[in-house]
Each structure stands twice: as C-alpha cells, then as structure tokens.
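Thanks for making time this morning.

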Amino acid sequence: MIPVRYNVRSLAVRKTTTIATAAGIGLVVFVLASSLMLAAGVRKTLGLSGRRDVALVMRKGSDAELGSSIEDPQVGLLGSLSGVRRGPRGALVSGEVIVVAAMEKLGASGVSNVQLRGMTEQSHELRPQFKLVSGRLPRAGADEVLVGQRLRGRFRGLDLDGSFDLRKNRPVKVVGFFSDGGSSYESEVWVDLDVLRTSYRREGFVSSVRVQLESEGKFDGFQALVERDKRLGLQAMREATYFEKQSEGTSLFITVMGSVVSVFFALGAMIGAMITMYAAVASRQREIGTLRALGFSRSAVLGSFLLESVLLATAGGVMGAAASVAMGTVHFSMINYASWSEVVFRFEPTAAILGQSVGFAAVMGLVGGLLPAVRAARIAPAVAMRG
Amino acid sequence: MTAPMINLRQVSKSYDRGGETLKVLQALDFEVASGSFEALMGPSGSGKSTLLNLIAGLDRPTAGTIEVAGTRIDTLGEGALAKWRANTLGFIFQAYNLIPVLTAVENVELPLLLAPVASRERRRRAETALRVVGLEDRSLHYPRQLSGGQEQRVAIARAIVNDPTLLVADEPTGDLDRASADDVLRLLETLNKELKKTIIMVTHDPVAAERATVVRRLDKGSLA
Amino acid sequence: MNLASFAARNVLRNRFRTVLTVLGVAVAVVAFLLLRTVVYAWTMAADFAAKDRVVTRHKVTFIMTLPKRYVDDVRTAPGIKVVTFANWFGGKDPKHDTEFFSAVAVDTKSFFQVYDEMRVADADLERWQTDRSGAIVGDVLAKKLGWHVGDKVTLESGIYPDDPQNPWTFTIDGIYTAMAKSVDRSTFVFHWDRLNDRIATRGQNEVGWIVSRVDDPRHVAETSLALDRLFDDREVQTLSQDEGAFNASFLAGFSAVLRAIDVVSLVILVIMTLILGNTVAMGVRERTNEYGVLRAIGFFPRHIAAFVLGEAVVTGCVGGVLGIVLAYPLIERGMGRWLEENMGVMFPYFRIETSMVAVALGASVVLAGAAAAIPAWRASRLRVTDALRRVA
Ligand SMILES: Nc1ncnc2c1ncn2[C@@H]1O[C@H](COP(=O)(O)OP(=O)(O)O)[C@@H](O)[C@H]1O
Ligand SMILES: [Mg+2]
C-alpha cells in the first residue's frame, strides 16, 4: 500500500485548496448535524414530557388536550376504575384544563401563544421530575402562577413578581419558576385549576385527565375499561405515546427539511471535493506514473486517492460537527402544531448524531473522490518517463 | 559613435533568502552597442538570467542605473515599464511559453492587443511576423501541434511583431535539438543583420555563441 | 481575437473543471431558491392578506368563542361594510385518514361576500345556500380526494362529538377556485346553522371568530381598535386585527424557523463562494507562469486581474443561469405541486419569487467576483520574474 503519510503531505502542501474544500464539507455537516440535533431536541423535550405508567384520558376523537373536554363527574369516575394507584388523598387522578393565551413577546415584535395549564393538588405527584427553581409554590386558590423556566424572559410579565392579565381585570402574579427535567412542561404556565376555569368560564369541565396507574402493565386493562363504555365517549392513551405523537409532526418537518437541504448542499460540496481531487490527480501525473513504474498496482493508486479524498472530507466533517456542538447552547422556540403554542427546544448533541454526520462527510469524500481516483488509477507507468 | 543600446552603471542586485542576502550582481558596468548581437555565457547560477531580467525591465536593481534604448528604466513606474516593454522589447524564453489555448497566429498577435491597432491590421502584422520566421503555413496550428523548434520560432515571431528595437533571449536553444537550434540561431542572425535588431542572448551552447558578434562571460556576478 | 475573446478562451481551458464548477454553482442556486421559496410561500399569506379585512376573536385565546350577538354589534359599527362569522370544525374524512384539511362552519349568506377571492359558480352557490347539508370545497382538496359536485361525504370532527345515528354527512354543492395566491384551496365550508343546532344549549350561539370588511382600508387599524373598544366592558373582550397583522402574529411563532432558514441560505452562498474560490485559486496557480509571460510581453497588472475576475464572473453567471433554469421545473413542477396539494394550509402557493431569481443570479455573479478578488489581486501583484520561474 502507498503510505498514508503521502496523502497527508499532499493535502498539507495544497493548503488553500484543502481548507476551502474541507470548509465547504464542514458547513454541510454543520447544517445537517444542527437539524438532526434540533429534531432530537424536539423528540427529547416532548418525549421527556410523557410517562408510560400514566394514562392520559381525552374526549374521543381529540388529537390534542387543547381540543378535548371532559365533564367533572367523569373525572371521579375514572379515579374509581381498577388499576389506578391510590395515595394518601385518594386516587392519583388529575383533571387539568389547557388554554392558550396570546402574550406579548419580548425582544421580538408581535404576540405568541403560551399554554396555560390549570393544576390540581395531585398534578405535581404525577410529575416526579418537577422542581421549583426559584420563588415559591402558589397558594391554593390564589391568583398566583408558576412559570416554566424556558419561558423566563421571553414574554412580557413572565418574571418573578411580574404579573399579567388572565382576563380583563383579573391579574395573576408570577411567584416562582419551575423545571421538569427538560420536558415541554417547562414551556407552560401553571395556574390553579379553579382560578383558570373561572377566568375562562370553563366551570364544570376539564380538558384532560391524567391517571397514575399502579404499573405500566395495567394500561391495557385501564384503556379497555375506559373505552368500553361508549356513553363516556372517552379515549385513553399512555402519556408517553401522546407526546411522541405530538413530536412526530414537528420533528418530521425538521428532519425532512434538514435532509432535503443537506442533500442539495452535499451535492455542492461533493462537486467541490471532486474538483479538488481531479486537480490533485492532474498535478501528480508524473508522481503517479512513477509509483506505478515502481510496481504499485492500479488498486493501490485507486485506494490511495480515495483515502486522500476521504481524509479531506472527514477533516471537514469533524470541523463541522465540532462547530455544531456549539449550537447546544442555543434555544429555539417554535409553535408546536398540536397545541398552537410556543415550545422552547434545545439543539441536542448526541454522540450518534455527531458520528452520523462525520460518517456522512466521509461518504461525500468517497463519492466525490471516486471518479478522480479512477482516473489516477488509469495513468500508465509510461507517463513517468514523459517530459 | 551612437549611444549604446544598453547602458548599466554600478548595478547591484541581491535577493533576500530567509534573512540572509544573496548578492547576485555587484557594481556591474555593462554596455551593449546598438545593432550588435551579443552572447552571454557563464556557469549556472552566475546571474545571467538576473542580468537579462534587469535589462528587460522585468526586475529592478538593488542599486545602480539602467538605461535601455535611451530610457532610464530603473526609475519607471510599473505601468510605464509595462508600456515600455510592449513597445521596445521582445523577450524569448527557453521554454517558448506559448499560450496553449491560442493558435500560432493568435499567439503572435497577443502583444498587439495592447496597442491601438485595428483587428484586421493586427492579423496582417501577425501573419507577416510568422512569414519572417517561415511558419506562415502553420498559423492555425496550436502549440501542441508544433515541434519544439517551430514553437520557438513562433515565440520569436511574437517577440518581433511589435517591431521592438531590442530582443532579449534567455537560452533560446536550451530545449532544442541541434538542427532546430541552428534554425533558430540562423533566424536570430537574420533579424540582427537585416532588420537591425539589437540582440542579447544568454546561452550555454558554444556553437550558438559563435554566431554572436560579441561573447561575454559572467562569473559570480561580474563580467570576465 | 481581442482581449475579451482571449479571456473567454481561458474559461474553457480546463473544460472539465469549469463544467464541475458551473454545476456546483447551479446546485447551490437551486438550493438557495428552494429555501427562499419556502420562506416566501410561508410569509406570503401575510403579504397578500386583504388589507381591508378585519378578524375579531377572543382577546385571550383563539380557542374560546364569542357570543353570536357580537356579530350584529360589529355589523352596525361605523366603517364596516360586510360581516361574516365562522366556527372551526376540524375534521377529516375517515376514508382518507391521513389527509387533514380545514373544515369550517360558516354563515352562508355572507361568507363568500367577505372572502370574494374564493369563487364559486353562481348556480352552485345558490343551491348550497338553501341546502342545509351542503358544502363547498376547494378545488385542490376536491381533486385530491376525488370529490365531485353531488357527492356525499362524511367527516369526523376532532372537537364535536360524532353520533353514529346522526353522522356529519355533507353533499358537495360546489367547488371554489382561488383568485389570489394566498388562498388555501383545500378548505371545506358548510352551514353554521347546522353546527349550531347540534351543539348542547350551553355552547350554542357562539362563534369562533368574526370577519368584517371595512369601507376604507387606510383606516383599518383605527377601525379594529374601535371594534375592540365596543366590547371593552362586555362579558368577553375581543382582539381585532387586520388580516395582515393577524398573519404576522401567527408567523411570529415560526420566526425562529424563518431565521434558521435565513442562516442556512447564507451558508449555501458561502459554500458556493468556496467552490468558486477554490477553482479560481487552482487556475491561477496552474497559470502563474503564463501570467508572467503576459506581463513580460507588456500586459499590465490590471489586465491579469481582469482575466482572473472575468473568468470567475463568467463561470458564476453561467452556473447561476443554469441553476435558475433547473430550479423552475424542480421547485414549481415537482415540489410545489406536491406541497400545494398536501400542505396547502401552510403553502397555498409554492412558487419561486421573481425577485429572488434576480438575487440568485446577482449573488452568483457578485460572489464569483468576491471569490476571485484575492487570487486576482495576488496574480496581478506577482513579480514577473517570480511568476516566470514558477513551473506549473
Ligand atoms: N527571485 C529570486 N529569489 C531568490 N533568489 C534568486 C531569485 N532569482 C534568482 N535567484 C538566485 O540568484 C542566483 C542567480 O540566478 P540566475 O540569474 O537565474 O542564474 P543563471 O541564469 O545564470 O543560471 C541563483 O543562485 C538563484 O538561485
Ligand atoms: Mg538562467
């Protein structure tokens, strides 16, 4: 085999060209990795929101909590079904109300929807990751709210001790911020259930009911009980499944968009690599001829040039992937189609994504370098003798 | 007695090579009479090309004055120097240096693109120059379709198309076989005798030097 | 031969490389136009919004409804021409489970007056207005689901209960076409009265939103404010926005996506510049000796710079034109048609914006120049003797 050192040197000698080509490939990898990271962030944020041992009950036919409504007496009924875990205050069941409110954005013009959730005493127990990060918990029945930490500083009034109007002349005060292990709840505002219902004239109704099951395995039985009674008109799904479904559209959109763009970009960068490698072959004809005359086989030459191209592309890929890690600090807020409200996502750098992206770069190098390498392999030993 | 075509006074040239200065020419005085055909010989690295480049205004001396065809060229600006080269000088290279994408006649025509000459007239002059070097039947050939000797003759045609007073040639026969070299030398002789061109030619070839009217030797930056 | 034709000869000097570079630029231009078209299609609804149309909805959240009485109050307010109202129905055809479209319950008398860019044949419109189970659908939706006038279709709502005894079955009475680019051609509209009668007394006589047209589009902002003041002390407060402002506030939710696309469009231009710059730099390196010859013959530094720049600009320009020529069928025929049919709500009109074509071409020329600037400058600055000593 022709030593790798030979390839590394020849890349180093042609500095400008090597850097330009690698930078092009690096940019492609940066875009690809970033979009995959964002899609992963969406899946993670929404995926963390749901638990497998919690059943989410909504009105039959509802795709999202926002559009569902369940009468109060049915909440009690759901709590009495078998398979539901019981705590010191009775069945672990929480009927919650979801509304979205248009709030004024800070740092950008216009308003955007924020999801408000009416919470019960049981709500926190159904969310074991919940943590107060600053301030205090609201007093029951008071006009006080908790704000998810990702909303901090993004909307007018959502600061500690700030306030905003739930409806005209019904201000509520922000008393604390909370975290929930990175889930989409961190993009919500939590209000006392009754405060929210009276302000929005939703007395007697909740949007959805969360039910803590005794174990994951109890779900199928519980679901059968809920859906058998046609008069109830309800459906049950695992909370985790619900959020997975919510993330599908958005993460698919980002993945598709990112992939389409990356394919075009990759085509461009591959052409760049091809230009560079053809030039490398052309300027080293004599050298290649000499190597062939010395007894190196065609396949050794082919392999050597492919390797050089892959090296070049991988170097670019590593740069791009490294740069994309910096995106991990960027917040990305976007409407979640299912709730029509803003959710704040993070770019989620995972080893798999970074690996894939660098692998993609290597493939670009392989494909881009193929034709030039074939040309190099066809150079006859006699070329070495020509002037 | 007419003024010399080339007149160098106390010319020095040194190059910076990684911090240390390499003194190639030192306080050189050098004159070439108008209408002469001179050969410059000397070992490799003695500064022949350096001297030629100074005369041709391709490079500037570190010290000293250079007057060529009545012009002080060491003080000319870049633009004026380029214009002066286009009008006064024909340069012949060892490696011919024809432009591969242009035909023979187009290569010859190239220097005329800089002058305010109508395109028909340009073509006519280029063809005349080609006739002088005996290649009128090859005018539409590309350089790769010509032999080395033919290529060099096209290059000579390119050097004379502007009707310069001075021809400068750096080892014009260095890459040629004997017969082609003789052709080229004969041609230079004709140009000197019949068209009265002053020629200064660097060469390693004693046969070539014989054709010249004056032969000089340069060794370690000074004339012997 | 003249200076320009001499320069042109050099463009085809390394034919293969030039072809590859042109292709690279073309691909970049296609990608750029694709991204810009996404943004354009997305934001166009805001730009093409009817300037004289005001949407009035619940002040706090659009999922809550307004009392129907408010419609009359709006109608009698000063400066208002016509008023209509609607409720969101959601809905999908269970036979086409994966196709989502907007189904909306509307006031039959006024809806097509307010939305006059949606055109229905007069005869169909009259029949629909008297047919309580009738519906009018967009032409794109009808084509996609194979619906024809006279067909009966059954929908499921995500919001209103389905009753097997009394299914939501409609007769297609007519098909509307769009007179403006921003119209979603996949909407399904039916009688508001029918929906209202099916709703439990508690939620009856509520409307999702009210849309009105004002007499004078120049005063649309004042009129909107006046409408909201009208309901300031009533049980439900309203938020009135003209259509442009409404769409803009919707878009604000996607501003991060739009910004990301902007960044990515810039990235592709940078990649294009790198490809061009690389090619130019290689050409210059290989031809350094030749530039030395030209300078020795008497060419000026600016001639050399012009040759390098000219070559790059011609390459960029050809690549740009090729990219534009490829982009039209690819974006408008291929992707555009698919998106308009399948994602008409977001992309009712997925076509290349003409001004972007000029931008793309301009960018490929200007960036080619920029990519060549440094190599050109360097080539022109070369010392003649150094250039001549360099063997390619
Ligand atoms: N541009 C330059 N930079 C540094 N050294 C140079 C340069 N040009 C010539 N030299 C050096 O100057 C000396 C004379 O060179 P040259 O004039 O080409 O010699 P000759 O033509 O007689 O063989 C050599 O040692 C050469 O290496
Ligand atoms: Mg020499």
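Which residues does C:Val38 touch, not counting residues up to four places away in sequence? Before I answer, a caution: this is a predicted model, in which local features need pLDDT of at least 70 and side-chain atom pairs count only at pLDDT 80 or more, while totals for chains, interfaces and linings use all residues. Residues are numbered from 1 along each chain as its sequence is written, chains are lettered from A and ligands numbered from 1 in the order in which they are written, and side-chain values use heavy atoms, with hydrogens and water left out.

Now, C:Val38 touches A:Met257, C:Ile261, C:Phe347 and C:Phe350, where contact means heavy atoms within 4.5 Å. C:Val38 is buried, at a relative accessible area of 6%, buried being under 20% with a 1.4 Å probe, protein chains only.

Let me turn to chains B and C, where 25 residues of chain B are in contact with 22 residues of chain C. Between them the two chains bury about 2200 Å², 67% of it on carbon and sulfur atoms, and this buried area is the accessible area (1.4 Å probe) lost on being put together, summed over both parts. B:Val101, B:Leu113 and B:Leu114 supply 23% of the area that chain B buries against chain C, more than any other three residues.

There are also three salt bridges between chain B and chain C, each a side-chain nitrogen of Lys or Arg within 4 Å of a carboxyl oxygen of Asp or Glu. B:Asp59 forms a salt bridge with C:Arg383, with the closest N and O atoms 3.7 Å apart.

Terms used:
Buried < 20%, exposed > 50% of the residue type's maximum accessible area, 1.4 Å probe, protein only.
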